[in-house]
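Here is a short walk through one protein chain. Keep the sequence and the 3D view side by side as you read.

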Amino acid sequence: MAKRRKKKRIWPKVILMIVLLAILLMTLLLLLFHIKEMEVQGIVYASKQEVVDWVKKDKFSTNGIYVWWKCKYSKEPKPAAIDKMDVKFKTPWSICVKVVEKKPIGFLNNNDEYLYFTQDGIAIYKTKQKIENISYIEGIELKNAKVQVGKKIPVADEKVFRRIVEISEIMQKLKLKPDRVVCSGSGFNVYFSGIEVLLGKNAYDVKLAQLPPILKILNEKYQGIEGTLYLEHYEKIEQGIRFVPKKEESQSTKETPSSTGENANVDEQTQEKEQPENTEVIEYTTEQEGE
């Protein structure tokens with residue numbers, strides 16, 4: 001009986017010790033991991049201050065362990081331009097927030113600011129500065145002028161972003177760097193040193209694959225001359241590819257309807273028959289492609 005009484009007396013003391021140790025441990029963790037220094041790495045396009053503000057915006061964010069959990073596991077929406085975050089401890093009171101940004105595939109002009117967007121058409125940030133190596137996409141038709149960062153851009157053609165991704169990936173693979181990319185209706189035009197290339201709205205892999213050798217030919221034969229290269233109805237290499245120098249193009253448009261105009265109502269066969277006599281045809285063969 002005496003032993004049982006002793007055990008009963010011991011348990012409250014054990015529980016009290018556990019509670020006191022837990023409180024002591026929590027206090028040490030709070031004091032030891034109290035953030036005094038924070039570094040942000042991985043930012044290329046977004047703002048470091050935006051990341052810092054997101055980290056610090058709730059009352060527990062002074063603790064490094066909590067910040068580590070928040071960045072790694074919290075479902076709280078991150079800044080629009082940020083894909084992932086992770087925290088590394090330099091010391092218990094000094095942390096490094098490592099950021100992986102969402103990669104913009106292009107940007108457009110919206111209310112005199114450049115609006116950058118992802119492959120899904122999500123607006124990730126606005127700035128008045130152009131970022132190098134990101135394509136400026138002109139002519140995208142918006143349903144309304146009000147665009148919210150972090151939300152999908154309201155466009156008239158939902159397929160436009162898929163086409164931009166496809167064209168961007170192919171041009172990157174082919175090491176093509178156009179001066180301009182223009183959305184024209186449901187198709188796209190790209191510009192290289194005064195040469196407008198009409199791509200249409202499909203088969204971009206086939207059409208863009210023709211450009212490196214053709215641009216080389218045009219540079220040799222029509223150096224410094226502006227004009228239009230018609231690839232929107234390209235099907236077979238053996239047919240040749242039309243290039244209309246600017247002077248001839250301006251004259252011919254008075255006589256024949258444009259094959260790329262938004263109001264053109266003639267089919268492809270009729271267009272081929274009605275081409276002006278002064279149209280230049282680039283004789284391009286598979287042998288030239290291999291050179």
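Strand 2 and strand 3 run antiparallel to each other, and eight bridges join them. One such link pairs K88 with C96, a residue of strand 3. This is a predicted model.

Three strands form an open sheet in the order 1-3-2, and their pairing is mixed. Strand 1 and strand 2 sit at the edges, and each of them pairs on one side only. On average, neighbouring strands of this sheet are turned by 20° against each other, direction ignored.

Two helices meet these strands. Take helix 2 to begin with. Helix 2 packs on the sheet and touches strand 1, strand 2 and strand 3. Its direction makes about 130° with that of strand 1. Which residues of helix 2 are buried? They are V51, V52, W54 and V55, in a helix that spans residues 48–56. These residues cover an arc of only 160° around the axis, so they are on the same side of helix 2. An α-helix has 3.6 residues a turn, so residues three or four places apart point the same way. The buried residues of helix 2 pack against strand 1 (37–41), helix 3, strand 2 and strand 3 (94–101). Look also at the start of helix 2. There, a side-chain oxygen of S47 comes within 3.2 Å of the backbone nitrogen of Q49.

Next comes helix 3. Helix 3 lies across strand 2 and strand 3. It runs at about 155° to strand 2. Its buried residues are G64, V67, K70 and C71. Seen down the axis, they fall within an arc of 120°, so they line one face of helix 3. What covers them? The cover includes helix 2, strand 2 and strand 3. At the start of helix 3, a side-chain oxygen of N63 reaches to within 3.1 Å of the backbone nitrogen of I65.

Follow the chain onward from helix 3. S74 lies in the loop between helix 3 (64–73) and strand 2 (82–91). Is S74 buried or exposed? S74 counts as buried, because its relative accessibility is 15% and the cut-off for buried is under 20%. The side chain of S74 reaches the backbone nitrogen of E76 at 3.1 Å.

Further along is Y114, in strand 5 (residues 113–117). Y114 is buried too, because its relative accessible area is 18%. Leaving aside residues up to four places away in sequence, Y114 touches F107, L108, N109, Y125, K126, T127, K128, Q129 and K130. Consider K126 from that list. Y114 and K126 are twelve residues apart in sequence, and their C-alpha atoms are 5.6 Å apart in space.

How far can each part be trusted? The predictor's own scores give a guide. The protein chain averages a pLDDT of 78, and 75% of the residues score at least 70. Over residues 254–279 the pLDDT is below 50. Beyond near neighbours in sequence, that stretch has 25 contacts in the model. Residues 283–291 also have a pLDDT below 50, with 13 contacts beyond near neighbours in sequence.

Methods: Residues numbered from 1 in each chain as written. Predicted model: local features only at pLDDT ≥ 70, side-chain atom pairs only at ≥ 80, totals over all residues. Heavy atoms only, no water. Helix = DSSP H or I, 4+ residues; strand = E, 2+ residues; numbered from the N terminus. Buried < 20%, exposed > 50% of the residue type's maximum accessible area, 1.4 Å probe, protein only. Polar contact = N/O pair within 3.5 Å; in protein donor to acceptor, adjacent residues only side chain to side chain. Contact = heavy atoms within 4.5 Å. Arc of directions from axis to C-beta. pLDDT = per-residue confidence, 0-100. Pairing = 2+ DSSP bridges. Axes fitted to C-alpha atoms, helices over the stretch in contact; angles between N-to-C directions.
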